[in-house]
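Here is a friendly walk through one protein model, with the structure open beside the text.

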Amino acid sequence: MPTGYAIGMVLPEEMNMTLKFDTLGLIKPILEAITLSGYTSPTAVQAQAVPEALAGRDLLVSSQTGSGKTAAFMLPALQALSEPAKVAGRGVRVLVLTPTRELAMQVTKAAETYGRNLKRIKTVSIVGGMPYPVQNRLLKAGADILVATPGRLLDQMQSGRVDLSRLEILVLDEADRMLDMGFKDDLEAIVAQTPAERQTLLFSATIDNNIARLATGMLKDPVRIDVSGQQAKHENIEQRLHFADDMAHKNRLLDHLLRDADMLQAIVFTSTKRAADDLASDLHAQGFAAGALHGDMKQSARTRTLQALRKGGIRVLVATDVAARGIDVQGISHVINYDLPRQAEDYVHRIGRTGRAGKNGIAISFANVREQFTVRSIERFTSQAIPVSVIPGLEPKQRIFDKKPGTAMKKFGAKRPHSSGSGSGSSFGGGARTPASAPGGTGNKGSEGAANWSKPAGAFAGKFAGKREGAQDRGWGDKKPSTPRTTQRRTVA
Ligand code: AMP
């Protein structure tokens with residue numbers, strides 16, 4: 001295993017630029033494909049996972065999307081496929097299980113990209129929402145690598161269309177999310193039909209007790225790799241908090257931010273599918289190249305939307321949590337939490353949509369005074385303060401008791417607020433003042449504005465009621481969860 005490598009994320013300054021891919025034990029065709037992808041140095045998770053996986057070890061890895069984890073399992077898997085199969089026949093040799101269709105598609109693309117110089121490696125993706133006849137044809141034609149969401153794979157296995165008897169490598173990607181989505185029983189049923197001598201690589205954003213239990217049943221003497229620490233901090237992402245008095249104020253803030261010249265592409269998060277649709281169409285009506293992405297949309301519409309996002313046809317994607325998970329589009333300069341996530345963990349996933357592959361990103365959250373508790377719980381979860389920002393002319397009128405522009409929550413007061421970026425509070429000369437008394441403020445103090453919060457006003461008024469996105473989404477239309485692990489995480493309002 002390489003030594004002296006600073007554990008980190010895909011940040012150029014955090015990567016050990018002297019470490020090269022050719023020290024990891026990869027074969028030439030794969031190294032050439034990596035070069036074609038433009039990667040110069042392995043990320044921390046790649047540097048640690050690839051040599052161990054090539055040595056045949058089971059892995060238990062905590063790392064998040066954006067860390068380069070896909071290549072960390074796909075490169076060794078492809079190398080294994082460059083060798084003759086251990087068992088004769090036509091069955092799948094590598095199986096990657098992912099929680100969502102979107103992630104499955106990204107993994108499939110990664111297999112094709114990194115495997116472009118390897119002959120006769122066929123990757124097939126089996127996900128919920130795809131027509132069965134198409135899937136049946138694909139499965140009949142045979143695959144070396146199968147990338148699948150658990151629900152649909154199990155259906156296909158039960159119909160006798162998938163043979164896992166000669167499986168060599170099993171990858172569980174974003175295992176924590178698969179448990180969250182209620183796939184535990186499906187996972188166990190799938191794994192029970194794979195050979196005991198398989199190699200298993202488990203990747204998860206966090207390793208909690210549930211993951212540890214799952215790992216105990218599936219992994220043999222795994223090498224434990226942890227690159228989640230720095231990654232979770234998202235140090236390349238500048239975080240800001242804007243207090244908004246009411247919906248109309250939120251919409252004015254959003255409009256201002258979206259017109260910022262530095263805003264290349266943004267993902268705006270809402271808490272309900274309906275709000276995502278409504279906000280996207282209102283933004284569209286105002287001339288923004290906006291689109292919605294949520295779990296009620298047909299797969300073909302989601303694919304089209306994501307393609308448009310990738311190609312730049314969509315500049316503002318309004319999305320819900322489950323639908324946006326795993327989106328890897330390097331042009332996303334801003335993530336805007338139009339609605340705060342209910343769970344701090346979702347905040348981390350949301351902001352991780354920007355600052356991809358070594359770039360910097362900006363994550364902006366809107367909150368009202370009553371949501372200070374939610375903000376605090378996010379700050380506790382990430383151990384990072386979110387500095388308050390105020391845009392001149394768009395100051396909140398309500399008094400904020402705990403947070404002042406340009407400062408962090410008191411608890412985290414030791415940390416300096418961000419000073420870069422046009423919107424940071426410190427640039428407005430009001431660092432020590434409350435928003436109500438900040439320059440341009442109306443002096444409208446007290447809580448009178450708070451009463452307006454529940455009454456949407458302004459251009460987008462009256463539209464933002466709706467079902468909160470939940471497990472029903474199944475992120476991508478997979479089958480209904482059998483035993484939701486954290487029901488409270490995914491409740492429907
Ligand atoms: P992942 O964590 O697998 O979703 O990867 C996040 C992003 O990092 C993807 O856009 C990859 O193409 C990119 N990436 C993966 N490995 C590297 C690397 N060694 N250097 C630069 N970018 C990378």
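## The chain as a whole

Among contacts in the protein chain between residues at least 6 apart in sequence, 76% join residues at least 24 apart. Please keep in mind that this is a predicted model. The protein chain holds 17 helices and 13 strands, and 52% of its 493 residues count as buried.

## Where α3 meets α4

Start with helix α3, residues 69-81, and helix α4, residues 101-114, which pack at an angle of about 50° with their axes 10 Å apart. An angle of that size makes α3 oblique to α4. The crossing in which α3 passes α4 is right-handed.

Which residues make the contact? From α3 come Thr 70, Ala 71, Met 74, Leu 75 and Leu 78, while α4 brings Gln 106, Val 107, Ala 110, Ala 111 and Tyr 114. Sorted by class, the contact of α3 with α4 has eight nonpolar residues, two polar ones and no charged ones.

## Where α6 meets α8

The next pair is helix α6 (residues 150-158) and helix α8 (residues 184-191), whose axes are 9 Å apart and whose packing angle is about 45°. Because of that angle, α6 is oblique to α8. Here α6 passes α8 in a left-handed crossing.

On the α6 side, the contact is made by Pro 150, Gly 151, Leu 153, Leu 154 and Met 157; on the α8 side, by Asp 186, Leu 187, Ala 189 and Ile 190. Seven residues in the contact of α6 with α8 are nonpolar, one is polar and one is charged.

Now look for Ile 126, in strand β3. Is this residue buried or exposed? Ile 126 has 25 other C-beta atoms within 10 Å, so it is buried.

Leaving aside residues up to four places away in sequence, Ile 126 touches Gln 135, Leu 146, Ala 148, Arg 152, Leu 153 and Gln 156. One of these, Leu 153, also belongs to the α6 side of the contact with α8. Ile 126 and Leu 138 are 12 residues apart in sequence, and their C-alpha atoms are 8.7 Å apart in space.

## Helix α12 and what covers it

Helix α12 runs over residues 273-285, and its 13 residues should span 18 Å at 1.5 Å a residue. The end C-alpha atoms of α12 are 18 Å apart, which agrees.

The buried residues of α12 are Lys 273, Arg 274, Ala 275, Ala 276, Asp 277, Asp 278, Leu 279, Ala 280 and Leu 283. What covers them includes the strands β9 (265-269), β10 (290-293) and β11 (316-319). Just after α12, Gly 287 takes a positive phi of about 100°.

Most residues other than glycine have a negative phi. Which way does the phi of Arg 120 go, positive or negative? Arg 120 is not a glycine, yet its phi is positive, at about 55°. Look for Arg 120 in the loop between α4 and β3. With 7 other C-beta atoms within 10 Å, Arg 120 is exposed.

Asp 221 also is not a glycine and has a positive phi, of about 40°. Its place is the loop between α9 (209-218) and β7 (223-226). Asp 221 has 6 C-beta neighbours inside 10 Å, so it counts as exposed.

Conventions: Residues are numbered from 1 along each chain as its sequence is written. This is a predicted model: local features need pLDDT of at least 70, side-chain atom pairs count only at pLDDT 80 or more; totals for chains, interfaces and linings use all residues. Axes are lines fitted to C-alpha atoms, for helices over the stretch in contact, and angles run from 0 to 180 degrees between N-to-C directions. Helices (H or I, at least four residues) and strands (E, at least two) are DSSP runs, numbered from the N terminus. Angles under 35 degrees count as roughly parallel, over 145 as roughly antiparallel, 65 to 115 as roughly perpendicular and the rest as oblique. A crossing is left-handed if the near helix is turned anticlockwise from the far one by less than a right angle, and right-handed if clockwise. Two residues are in contact if their C-beta atoms, placed from the backbone, lie within 7 Å. Ala, Val, Leu, Ile, Met, Phe, Trp, Tyr, Cys and Pro count as nonpolar, Asp, Glu, Lys and Arg as charged, and the others, Gly among them, as polar. The expected span of a helix is 1.5 Å times one less than its number of residues. A residue is buried if 20 or more other C-beta atoms lie within 10 Å of its own, exposed if 12 or fewer, and partly exposed in between; C-beta atoms are placed from the backbone.
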